[in-house]
Amino acid sequence: MGYSIRIKRADGGDAVLPEKHDIAGGTYAVGGTRDAWLYVTYNYAGTFHRVIGGEGLRSLDGGCVRDSLPVLDKAIAALGEAQPDADYWKATDGNAKKALVGLKAIADLALQAFPDERLTWEVD
């Protein structure tokens, strides 16, 4: 179980990026994907609640991607120099930080692709 997080366009459709990326979470697309999407294990929920507050990653649901950047930056900074573990599923600060860095990178790509559009998060 985990979080399926995608970026939606103003018309409600998924944000499809102009170029492929290889940002991976609990799943990944061999050869990359153009989807502004990331799957993150629920194992990191405790860390997300601690560094984001509220409902953790679910706090992003329905929110504006651009407005969430300071929240993601603050959460990443709160995890300091934590490094990811070789075991993706392990609930470590480093693994949670890697997921947040990946989400921010996908957000940055989507905002570059759709600079004048209000993009929102969908967190399932």
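Visitor: Is Lys104 buried or exposed?

Guide: This is a predicted model, and every value here is computed from it. Buried means under 20% relative accessible area. Lys104 has a relative accessible area of 17%, so it counts as buried.

Visitor: Where does Lys104 lie?

Guide: Find helix 3; Lys104 lies there.

Visitor: Which residues is Lys104 in contact with, leaving aside neighbours within four places in sequence?

Guide: Look for Leu69, Leu72, Asp73 and Ile76.

Visitor: How are two packed helices described?

Guide: Now take helix 1 (residues 45–52) and helix 3 (residues 93–113). Their axes come within 9 Å. They cross at roughly 70 degrees. Angles of 65 to 115 degrees count as roughly perpendicular. Helix 1 and helix 3 are therefore roughly perpendicular to each other. Helix 1 passes helix 3 in a right-handed crossing.

Visitor: Which residues of helix 1 and helix 3 meet?

Guide: From helix 1 come Thr47, Phe48, Arg50, Val51 and Ile52. Helix 3 brings Asp93, Ala96, Ala99 and Leu100. Sort the residues of this contact by kind: six are nonpolar, one is polar and two are charged.

Visitor: Where do nonpolar side chains tend to be in soluble globular proteins?

Guide: They tend to be buried together. Here, the largest nonpolar core has 33 residues.

Visitor: Which residues touch the most other members of that core?

Guide: Ile7, Val40, Phe48, Leu57, Leu100 and Trp121 do. Next, see which elements supply the core. At least two residues come from each of strand 1 (2–8), strand 4 (37–41), helix 1, helix 2 (65–78), helix 3 and strand 5 (120–123). The largest share, eight residues, comes from helix 3.

Visitor: What does Leu57 touch, not counting residues up to four places away in sequence?

Guide: Trace its contacts one by one. Leu57 touches Tyr3, Ile5, Val40, Phe48, Ile52, Leu100, Leu103 and Val123.

Visitor: Where does Trp89 lie?

Guide: Go to the loop between helix 2 and helix 3. Exposed means over 50% relative accessible area, and partly exposed lies between that and buried. At 43% relative accessibility, Trp89 therefore counts as partly exposed.

Visitor: Which residues is Trp89 in contact with, leaving aside neighbours within four places in sequence?

Guide: They are Gly26, Thr41, Asn43 and Tyr44. Take Gly26. Along the chain, Trp89 and Gly26 are 63 residues apart.

Note on methods
Residues numbered from 1 in each chain as written. Predicted model: local features only at pLDDT ≥ 70, side-chain atom pairs only at ≥ 80, totals over all residues. Heavy atoms only, no water. Axes fitted to C-alpha atoms, helices over the stretch in contact; angles between N-to-C directions. Helix = DSSP H or I, 4+ residues; strand = E, 2+ residues; numbered from the N terminus. Parallel < 35°, antiparallel > 145°, perpendicular 65-115°, else oblique. Left-handed = near helix turned anticlockwise from the far one by under 90°. Contact = heavy atoms within 4.5 Å. Nonpolar A, V, L, I, M, F, W, Y, C, P; charged D, E, K, R; others polar. Core = buried A, V, L, I, M, F, W, Y, C linked by side-chain atoms within 4.5 Å. Buried < 20%, exposed > 50% of the residue type's maximum accessible area, 1.4 Å probe, protein only.
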